[in-house]
Amino acid sequence: MELIVVIAIIVIIALVVAGIYNGLVSRRNRIDEALGQIEVQLKRRHDLIPNLVEAVKGYMGFEQSVLTKVTEARANAVAAGAQGPAAQAQAENNLTGALRSLFAVVENYPDLKANQNVMQLQEELTTTENQISFSRQHYNATVLDYNNAIQTIPAVLFAGILGFVKREFFDAEPEATEVPKVDLNLG
Amino acid sequence: MATATFYDQIGANKRNSVLLALVVVVLLGALGLTIGWAVTGERAAAIPSTGIAIAVGLIAAVFSYFGGASLVLSVSGAKEIGPQDAPQLFNVVSEMATAANVPMPRVYIIDDTAPNAFATGRDPQHASVAITSGLLQKLDREELQGVMAHELSHVRNFDIRFSLMVGVLVGSIALLADFFLRFTFWGGGRRGRDSNDSGGGGLQIIVFVVAIVLAILAPIMARLVQMAVSRQREYLADASGVELTRNPVGLERALAKITLDTEPLEVANRATQHLYFENPIKAATGQSSNLFSTHPAALDRINRLRQLSGQSAVTDPHEVLDPRFAAAALRGAATPSVPPAPPGWNRPS
């Protein structure tokens with residue numbers, strides 16, 4: 001009789017742990033999916049920028065330094081792709097800044113502003129940038145959800161043993177980059 | 001936690017849909033029962049007539065679940081467009097779908113100069129958004145984003161399913177009640193003559209009176225519930241739309257622009273009005289949220305948004321669109337640089 005009770009308790013505990021484990025796995029997969037969404041948009045932005053530079057650079061007297069900055073920022077952002085979310089976010093934010101100043105300069109060139117091709121590229125880049133920030137919101141929400149789950153009872157009791165580690169947010173807080181705790185165990 | 005409230009809200013919406021559907025089914029059954037009894041004078045006839053009324057309601061609900069969206073879209077004269085037809089609109093919708101974490105809905109254009117928009121469908125996987133060409137023309141990118149954030153909140157919160165089902169169920173109550181009232185109007189004279197022979201009895205007269213009262217009250221009750229829930233949803237969609245864009249200004253400006261436009265939308269009717277971004281049938285009184293309106297007054301919506309972002313309330317939508325207007329009003333200048341709105345700004349002149 002006692003044996004049956006003990007076995008029943010063990011089975012119940014095992015089922016509960018399995019349920020929690022599955023919950024954590026699906027949360028972690030959601031993070032990876034969300035990160036994938038951001039990557040797609042970042043890639044799209046990287047692909048659009050050379051076209052924009054090409055379209056703009058023909059205009060007489062256009063500030064070459066601005067173009068150089070954008071091209072450099074793009075190269076850095078592409079390179080940062082493999083350095084984890086925090087470094088990547090930092091590089092992408094620099095790129096966003098460079099693009100903003102480029103579009104600010106475009107405002108001074110009425111011909112350029114009216115150029116159909118430039119207008120189209122500007123719209124494409126605007127939407128990509130919005131997509132990036134909305135995917136980032138979504139990504140951060142999934143990370144928050146996951147981090148909360150692994151740091152609270154009951155999952156906190158065994159999350160570490162089962163290999164669930166805290167994930168980092170996709171944003172460029174200077175404080176966050178000071179102590180790099182990059183999880184290379186992605187996926 | 002902010003996300004929890006969304007899930008709560010989605011859950012509440014799904015529960016409300018079921019609850020309201022039940023209330024409406026009960027009302028339909030009661031109507032069927034009394035009408036069947038009253039018309040035939042036989043208590044036994046009430047059983048099949050109740051069954052028929054409920055069956056009609058349920059069949060209508062099932063049809064609306066699967067085919068309601070396309071019906072609404074075709075009734076409104078909406079045409080589906082592709083990304084190349086309106087690239088910016090497509091981009092904005094896609095951005096907001098990302099923000100709301102729902103699949104990209106289908107996009108429709110209604111060729112009408114009146115500014116308005118709506119979302120419909122049975123769930124986020126089968127959703128559509130429609131916008132009038134007038135609205136598309138009047139709004140800039142930021143404002144368009146505000147409107148689409150509102151619409152995609154409706155999609156994410158399952159408001160679209162609720163509106164679809166309720167619209168049809170409330171419609172079928174109205175239809176049945178209307179049918180009966182017409183019947184009594186036309187058949188009443190004949191019945192008067194017959195009753196002398198058959199001596200129908202006091203009971204049938206009572207049932208008849210109950211049926212008439214129910215036929216008058218049931219559609220009103222159903223509609224009241226629908227409207228109250230609909231108004232609440234508009235506020236919620238505004239607030240969650242801002243939570244998506246993190247920018248209340250676009251939506252505020254869009255609301256101000258739309259409310260200052262007094263042109264009615266020709267393709268909208270009583271059955272579809274609750275779906276729209278802003279009430280398409282502009283009644284003579286636009287001032288306050290009255291009992292029967294599907295939408296809160298736009299100024300109310302603007303001020304609730306301003307409250308969310310800690311801005312002071314406005315008394316005139318022009319203030320949202322043009323800061324000079326507010327400044328001039330504050331200074332008490334006799335001649336502001338923009339023409340002041342007439343006192344009855346939201347009434348069609």
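Start by selecting B:F158, which sits in the loop between α5 (141-156) and α6 (159-198) of chain B. Helices here are DSSP runs of H or I with at least four residues, strands are E runs of at least two, and both are numbered from the N terminus. Phi of B:F158 is near 65 degrees, a positive value in a residue that is not glycine. Is B:F158 buried or exposed? B:F158 is buried, because 22 other C-beta atoms lie within 10 Å. The rule: 20 or more other C-beta atoms within 10 Å of a residue's own means buried, 12 or fewer means exposed, and anything in between is partly exposed, with C-beta atoms placed from the backbone.

A word on what you are viewing. This is a predicted model, in which local features need pLDDT of at least 70, side-chain atom pairs count only at pLDDT 80 or more, and totals for chains, interfaces and linings use all residues. Residues are numbered from 1 along each chain as its sequence is written, while chains are lettered from A and ligands numbered from 1 in the order in which they are written.

Next, select B:N101. Find it in the loop between α3 (87-100) and β2 (106-110) of chain B. B:N101 also has a positive phi, about 55 degrees, and is not a glycine. B:N101 counts as partly exposed, because it has 19 C-beta neighbours inside 10 Å.

Now colour the strands of chain B. In what order do the 4 strands of the open sheet run? The order is β1-β2-β4-β3, with mixed pairing. Strands pair if DSSP finds at least two bridges between them. Look at the edges: β1 (78-80) and β3 (117-121) of chain B each have a single partner strand, so one side of each lacks a neighbour in the sheet. On average, neighbouring strands are turned by 30 degrees against each other, direction ignored.

Zoom in on β2(B) and β4 (residues 127-132) of chain B. They pair in the parallel sense over 5 bridges. Within this region, B:I109 stands opposite B:I131 in β4(B). Axes are lines fitted to C-alpha atoms, for helices over the stretch in contact, and angles run from 0 to 180 degrees between N-to-C directions.

Move to where the chains meet. The contact takes 8 residues from chain B and 9 residues from chain A. Contact means C-beta atoms, placed from the backbone, within 7 Å. On the chain B side, α3(B) gives the most, with 6 residues.

Last stop: A:P154, in the loop between α5 (116-151) and α6 (174-178) of chain A. A cis peptide bond joins A:I153 and A:P154, with omega about 10 degrees.

How values were computed. Contact = placed C-beta atoms within 7 Å.
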